[in-house]
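Hello,

Here is the structure we talked about passing over. Please open it alongside this message, and then read the notes below.

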Amino acid sequence: MAEALPDQSVKDAKRAQSLVYEALERNQTLPVTLTALRIQGGNSTRSSFLRAQVDDLLSRPYTVRTLLQALDGSAKRLNSFGIFNGVAFGLDLAAPQESLPGVVALEGTLLLQDAPTKRLRTGTDVGNGEVSAYASGALLNVFGGAESLTIDANIGSQKRSSYIVNYGTPIKNSHLWRADISGIASSGDKEWASHEQVIRGLRAKAVGPGAFGGTQEIGYEAFWRTVTGVKSHASESVRAAAGDSFKSSVFNTWTLDRRNDPLFPTEGFYVKLKNEVAGYLPNRQGDIQFMKGEVESQVAKSFWKENFTVSLTGRGGLLWSFMKDGKTNIVDRFVLGGANDVRGFYLNRMGPRDEEDSVGGEAYGAGGLSLFSRVPGVANTSPLRLHLFANAGSLLGLNRENPRETIAKLFKEPSIAAGVGLIYKHPVARFELNFTLPIAARASEFPRKGFQFGLGMSFL
């Protein structure tokens, strides 16, 4: 049974540990072995789970250097679960009879300080044409193996309501792979297409390391989608889309993120690839059948003593229907435009249009070039920056007879906007206030000249 460990004991143990480490570091090539490992603290965690993380440390040949490296690796592994506020190792000499000739036997103590197992957050979000209030609650380490149960609720003006219940657990006690299963219910007002969407269903996925040092997500979704609340002035294509549909799909997402800050990167690059196949499964489950792929990338570089930063971002996607008539559902199509997307256009108001409704498309491409600089008279460490940008994008219906023609058209005739503004990087989100000037737009689109406010974690 693990013993309770006061906070002060962790601090004292860390001080004692540092003294032992100083002595050992003066003899880094000395052969040592770890014969035993006691656990103090971690009362909320199963002993079998803890042992799975540290048992591989025992009875192996080390030098002092390699042992300290192994202990540091185990501490990082335990910290990665998010269930401890403090992780420390203590080392002592083992009993003389346990030593081998020429090898120093050591005994270890793993000292753990539990993190709170309950979390609750509430707040409001403003941005991208929406005001919303949210509440999030979490139970951590539910069964003593780094499991989590979270409930998120969001009520806003556009996304009228969104509720997510998620249960996550490490796969076979691994710190690398995790499984999540979520129940999702949401309803949103798609005012750009004169209707509402209600989505209910389940998502299950496994998350772990991917190729080239990236992150991989593999999962399955089953969603019942309803196009409802069709407005009296809705176009014929929106009226035809009204009703229910069921999507059964598998998806795969690979992400490689080498940016120094995902909210406001000044160095590094980012690549994300996502593929989804719906309905084209044994027995053709679901009445929606398509293949969908998206790519997103970003490169950022600072210069002149980091007073200036250049960021180049690109996105693109393609949706291919497997339905007999070749048609796609309005729920599955891409949308484009808005303060977090192609600036200088109203929210999701780019691409194909039927009467006054922007009905989305099956192919899109978008890119943005931004120059950030410090504000004169403001310290370089300030989160406030000047922003000069140009972005372009195209959203089209897919010509199934000649898809290459559609792809070529994405780049030959883009809609373009430029502008200047201010950026503020908050620890949890990024704020943008820009003055936008549309330069080129298709007749079907809704450009927006003037001030545009954006709030979020991802921008073009």
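**Glu147 and its surroundings**

Leaving aside neighbours within four places in sequence, Glu147 is in contact with Arg46, Leu139, Leu140, Asn141, Val142, Tyr167, Gly168, Thr169, Pro170 and Arg178. Bear in mind that this is a predicted model. Glu147 sits in the loop between β6 (130-140) and β7 (148-156). Is Glu147 buried or exposed? Its relative accessibility is 6%, so Glu147 counts as buried; the cut-off for buried is under 20%. A polar atom of the Glu147 side chain lies 3.0 Å from the backbone nitrogen of Phe143. Glu147 also pairs up in space with a residue from elsewhere in the sequence: Phe81 is 66 residues away along the chain, and the C-alpha atoms are 9.0 Å apart.

**The chain overall**

The chain has 460 residues, and 44% of them are buried. There are five helices and 22 strands. Take the contacts between residues at least 6 apart in sequence: 60% of these join residues at least 24 apart.

**Nonpolar cores**

In soluble globular proteins, nonpolar side chains tend to be buried together. The largest nonpolar core here holds 25 residues. Within this core, Leu57, Leu78, Phe89, Leu110 and Leu112 touch the most other members. Which of them gives the largest share? That is α3, with six residues. There is also a second, separate core of 14 residues. Its members include Ala278, Leu336, Phe345 and Ala417.

**Two buried polar side chains**

Start with Arg430. This residue is in strand β21 (residues 429-440). Arg430 counts as buried because its relative accessibility is 5%. The Arg430 side chain makes a polar contact with the side chain of Glu432, at 2.6 Å. Beyond four places in sequence, Arg430 touches Leu263, Phe264, Arg343, Phe372, Ile423, Tyr424, Gly454, Leu455, Gly456 and Phe459.

Now Gln452. Its strand is β22 (residues 450-456). Gln452 has a relative accessible area of 4%, so it is buried.

**Cavity and pocket**

How many cavities of 30 Å³ or more are there? The count is one. The largest cavity has a volume of about 30 Å³. Gly82, Ile83, Ala115, Pro116, Thr117, Leu140 and Asn141 line it. By class, that lining has four nonpolar, three polar and no charged residues. Leu140 and Asn141 line this cavity, and both are in contact with Glu147.

The second largest pocket has a volume of about 520 Å³. Its lining has 29 residues, and Ala241, Thr328, Asn329, Ile330 and Arg333 lie nearest its centre. The elements that give two or more residues to the lining are β11 (215-228), α4 (236-241), β12 (243-257) and β15 (308-321). The lining of this pocket divides into twelve nonpolar, nine polar and eight charged residues.

**A loop with positive phi**

Most residues other than glycine have a negative phi. Trp304 has a positive phi of about 50 degrees. Phi of Lys305 is also positive, near 55 degrees. Where do they lie? Trp304 is in the loop between β14 (290-303) and β15, and Lys305 is in the loop between β14 and β15 too. Trp304 counts as exposed because its relative accessibility is 61%. Lys305 is exposed as well, at 74%.

Best wishes

How values were computed. Residues are numbered from 1 along each chain as its sequence is written. This is a predicted model: local features need pLDDT of at least 70, side-chain atom pairs count only at pLDDT 80 or more; totals for chains, interfaces and linings use all residues. Side-chain values use heavy atoms; hydrogens and water are left out. On a 1 Å grid over the protein atoms alone, a cavity is a set of points where a 1.4 Å probe fits but cannot get out, and a pocket is an open set with protein on both sides within 12 Å along at least five of seven lines; lining residues have an atom within 4 Å of a point. Grid points are joined across faces, edges and corners, and a volume is the space filled by probe spheres set on the points. Ala, Val, Leu, Ile, Met, Phe, Trp, Tyr, Cys and Pro count as nonpolar, Asp, Glu, Lys and Arg as charged, and the others, Gly among them, as polar. A nonpolar core is a set of buried Ala, Val, Leu, Ile, Met, Phe, Trp, Tyr and Cys residues joined through side-chain atoms within 4.5 Å. Buried means under 20% relative accessible area, exposed over 50%, partly exposed in between (1.4 Å probe, protein chains only). Helices (H or I, at least four residues) and strands (E, at least two) are DSSP runs, numbered from the N terminus. A polar contact is a pair of N or O atoms within 3.5 Å; within protein, one must be able to donate a hydrogen and the other to accept it, and residues adjacent in sequence count only if both atoms are side-chain atoms. Contact means heavy atoms within 4.5 Å.
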